[in-house]
Amino acid sequence: MSMEIILVQTVVNGLMVGMIYVLMAIGFTMVFGIMRIVNFAHGEFYMVGAFLFAILYGSNDVPFSISVLLAVGATALLGLLMERIVFRRFRGNELNGMIASVGVALILQNSVLLMWGSSSRTVPPVISGVLSVGGIVFPWSRLVVIIGAIVAVVSLNLLIGHTRIGRAMRAVAQDAEIAQVQGIRVDVIFPVAFVLGVSLAAFAGVLMAPVLSVSPFIGLAPTLKAFVIVVIGGLGSVPGAVAGGLLIGLIESFAGTFVSASLSEILQFLVVIAVVLLRPQGLLGRKEREA
Amino acid sequence: MIQDGIRFVVGPMGSAAAVATKDQTTSGKVITMTLAFTPRALGVDAPFAYRPVITTGEFSDPQVAWLMKNTSAKQVVSLLPNDETGQQIGVANFNSYAKAGAKLQVEYFERERVDFVPILTRILMKADGLELGGNSPTTAGLILKQARELGYRGPVFVTGGDVAAEMLKVAGKDAAEGTYVHLPIDTSLPDTAAYVARFRAKYGPNMNGFSPFFYAGLQMLFTAMKKAGTVDDTTKIAATLDGLSDVPTAMGKAGWTGEQKYGIRHQIDLPFYVGQIKDGIVAKVATCDVNACR
């Protein structure tokens, strides 16, 4: 295998992982930006989405598109329920909200464990086989993840940038009180943002289910990655989440391919430390206004 | 545990927990039968620690020697979690491959990792064999699936654990085809078959391969209690347990071994097997003891 082929392969690997991190981090950062809640249960919604998809598509042969809609829809409903019961009470209360989110994470993980057991489930690939171009091998299952994630990010960008609700969300993220004075119903925007964030996590879970395996314990790692990414990109910044996600994905891929897996973890956290020291607001985040 | 008057600990306690509690269980004269694969779990400094399962230290040399003799692999790569268990297995497997005339390159990863493609892209370039022993069944299945997706078609070995069923579920039948696995039990033995049938009737179809080992260990422990005439005096029970041999168990006749390797005969002595996955089913291809596979 020539160096050029390995380089291209490494970039594609990094993009796939990076796009999943982007999906996770966008939802995470949106919830923080709008509700000021660091949601450590975010990864568990990823897990629930993946689990529901595995049950529908993997175990019950429900058609792919219907499985995706049902898995993401049901997870979104669960997110709405959690927002109503738990998170609504902690808006703007970052510390208590974070602790509550850890509790929700444990409840979701253990509920799935009780309902469906601890053993791993596999999901058949949506498309099997590999795309071979000039000696470079691209598993179709991974290309589907990249394409699906790009479609989700572009759709979200259109929603936030070009719709009424998107503009309202941006206004609430900038200043909830001023937005309310301007007639924006923040009590509607909060659950919408939360459900949107949860849906992105569930969609990431659905995309990754056929590539990896599904178990009640898969939520923690993406949550930690999402947290790292939003620190790099800037808490509350959607473009920052995209940049941070792709950066971490590529670091993971290049360090894993050319150096060692352990070094890739070290490098990621060195980047986090460097960003926190040199640009505390993150690569694309805004500085907090001082009172 | 000591304050509660616990005398016996039997169960799938791993290396880290067993090593961490060794001083307390030794001073408290608590008889332990654990799943700790580390050589540090047994020794003259732990006279109450027993191991009812067969570990890498026992099966690695004969199994690897058989695999290297029966396949063309000479440059094998291994992926292992970067913790106590992974590093111990890495060292044991490295030495076993060297003894068998092959080279093993071990790559460690953080335990929560699920995407192995970057590492596999690098390490499979020069490899003609992939060793997955020492990983959880899920992780072994994920690595196998991702290696096959990258186009790897060489032999795959899983020297350790009882991973076949779960690995097959994760990797799929096609990816797992031809994989050589460590087979801890032989269900064609009447006693083992009877145990498996009883287990499945009571608990369902998914039986972990270590289950009959712990059952056999308990059968030895109960035999020692009967012979010693006590269920409380662990010093007397341990002394009786040490002297047992050819005890009829669910796994056949069991005794203790390990004096040469650990300085104490507290390692269960039972046969083990090499299996190969063929069309989604594991077929026994060799029967082994600590000296050789045939």
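This is a predicted model: local features need pLDDT of at least 70, side-chain atom pairs count only at pLDDT 80 or more; totals for chains, interfaces and linings use all residues.
Just after α6(B), Gly172(B) adopts a positive phi of about 90 degrees.

On the one hand, β8(B) runs parallel to strand β7(B) (residues 156-158), to which two bridges join it, and Tyr180(B) in β8(B) is the bridge partner of Phe157(B). On the other hand, β8(B) runs antiparallel to strand β12(B) (residues 272-278), with four bridges between them, and here Val181(B) stands opposite Gly275(B).

The loop between α5 and β7 of chain B holds Arg153(B). This residue counts as exposed because it has 8 C-beta neighbours inside 10 Å, where 12 or fewer is the limit for that class. The C-alpha atom of Arg153(B) is separated by 36 Å from that of Phe214(B), the two residues being 61 apart along the chain.

Strand β4(B) (residues 75-81) is likewise mostly covered, six of its seven residues being buried. Its pairing with β5(B) is parallel and extends over seven bridges, and within β5(B) it is Gln105(B) that stands opposite Val77(B).

A further set of strands in chain B, taken in the order β9-β10-β11, forms an open sheet of three strands with antiparallel pairing. Strands β9(B) (247-249) and β11(B) (267-269) stand at the edges and each have a single partner strand, so that one side of each is left without a neighbour in the sheet. From one strand to the next, the twist averages 45 degrees. Strand β10(B) (residues 252-257) is joined to β11(B) by three bridges, and Gly255(B) stands opposite Asp269(B) of β11(B). Helix α9(B) lies across β9, β10 and β11 of chain B and runs at about 140 degrees to β9(B).

Helix α9(B) (residues 211-228) also packs with helix α10(B) (residues 234-242), at an angle of about 115 degrees and with the axes 8 Å apart. That angle makes α9(B) roughly perpendicular to α10(B), and the crossing in which α9(B) passes α10(B) is right-handed. On the α9(B) side the contact is made by Met220(B), Leu221(B), Ala224(B), Met225(B), Lys227(B) and Ala228(B), which meet Lys236(B), Ile237(B), Thr240(B) and Leu241(B) in α10(B). Sorted by class, this contact has seven nonpolar, one polar and two charged residues.

In chain A, helix α2(A) (residues 42-59) and helix α3(A) (residues 64-85) pack at an angle of about 145 degrees, with their axes 9 Å apart, and this crossing is right-handed. The residues of α2(A) that take part are Phe45(A), Val48(A), Gly49(A), Leu52(A), Phe53(A), Leu56(A) and Tyr57(A), and those they meet in α3(A) include Phe64(A), Val68(A), Ala71(A), Thr75(A) and Leu78(A). The contact of α2(A) with α3(A) has 13 nonpolar and four polar residues, and no charged residues.

Between the chains, 25 residues of chain B are in contact with 27 residues of chain A. The side of chain B that touches chain A draws at least two residues from each of β5 (103-109), α4 (117-123), α5 (137-149) and α6 (164-171), and α4(B) gives the most, with five residues. By class, this side of chain B has ten nonpolar, six polar and nine charged residues.

Note on methods
Residues are numbered from 1 along each chain as its sequence is written. Chains are lettered from A and ligands numbered from 1 in the order in which they are written. Axes are lines fitted to C-alpha atoms, for helices over the stretch in contact, and angles run from 0 to 180 degrees between N-to-C directions. Angles under 35 degrees count as roughly parallel, over 145 as roughly antiparallel, 65 to 115 as roughly perpendicular and the rest as oblique. A crossing is left-handed if the near helix is turned anticlockwise from the far one by less than a right angle, and right-handed if clockwise. Two residues are in contact if their C-beta atoms, placed from the backbone, lie within 7 Å. Ala, Val, Leu, Ile, Met, Phe, Trp, Tyr, Cys and Pro count as nonpolar, Asp, Glu, Lys and Arg as charged, and the others, Gly among them, as polar. A residue is buried if 20 or more other C-beta atoms lie within 10 Å of its own, exposed if 12 or fewer, and partly exposed in between; C-beta atoms are placed from the backbone. Two strands pair if DSSP finds at least two bridges between them.
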